[in-house]
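Reader: I am new to this structure. Please show it to me, and then I will ask about it.

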Amino acid sequence: MIVNNVNSAANLYTSNAVGATRYANNATGARNIQKRDELALSNQAQSFSAILKKLHAVPEVRQEKVAELEPQVSNGTYNIASENIAASILASRF
């Protein structure tokens with residue numbers, strides 16, 4: 001039933017669009033000219049898109065940081081001050 005409604009609406013839109021195009025062509029005297037939809041992105045959207053592309057290019061794991069910390073963790077010499085952990089937790093929450 002929903003599919004039939006969608007098909008009916010699509011057919012109605014198509015027939016109206018054809019009629020509107022014919023009317024526009026007759027009114028202006030021009031033939032075979034059809035207007036197309038256009039999309040214009042704002043500068044903010046373009047900047048966001050560029051930043052998002054750069055973000056996707058950044059690797060998920062920073063191998064140089066892993067290589068630096070891995071021996072310390074393996075040896076048991078990797079220590080972080082509890083104040084730094086608490087500050088990071090609070091900064092991420094508030």
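Reader: In what order do the elements run from the N terminus on?
Author: This is a predicted model, where local features need pLDDT of at least 70, side-chain atom pairs count only at pLDDT 80 or more, and totals for chains, interfaces and linings use all residues. Residues are numbered from 1 along each chain as its sequence is written, and side-chain values use heavy atoms, without hydrogens and water. From the N terminus on, the order is α-α-α-α.

Reader: At which residue does H3 bend?
Author: H3 covers residues 63-75. A proline, Pro71, follows the bend within four residues. The bend is the angle between axes fitted to the seven residues ending at a residue and the seven starting there. Here that angle is about 30 degrees, at Leu69.

Reader: Which residue follows H3?
Author: Its phi is positive, near 80 degrees. The residue is Gly76.

Reader: Is Tyr78 buried, partly exposed or exposed?
Author: Tyr78 sits in the loop between H3 and helix H4 (82-93). Buried means under 20% relative accessible area, exposed over 50%, and partly exposed in between (1.4 Å probe, protein chains only). Tyr78 has 34% relative accessibility, so the residue counts as partly exposed.

Reader: What percentage of the 94 residues is buried?
Author: The count covers the protein's 94 residues. Buried residues make up 1%.

Note on methods
Helices (H or I, at least four residues) and strands (E, at least two) are DSSP runs, numbered from the N terminus. The expected span of a helix is 1.5 Å times one less than its number of residues.
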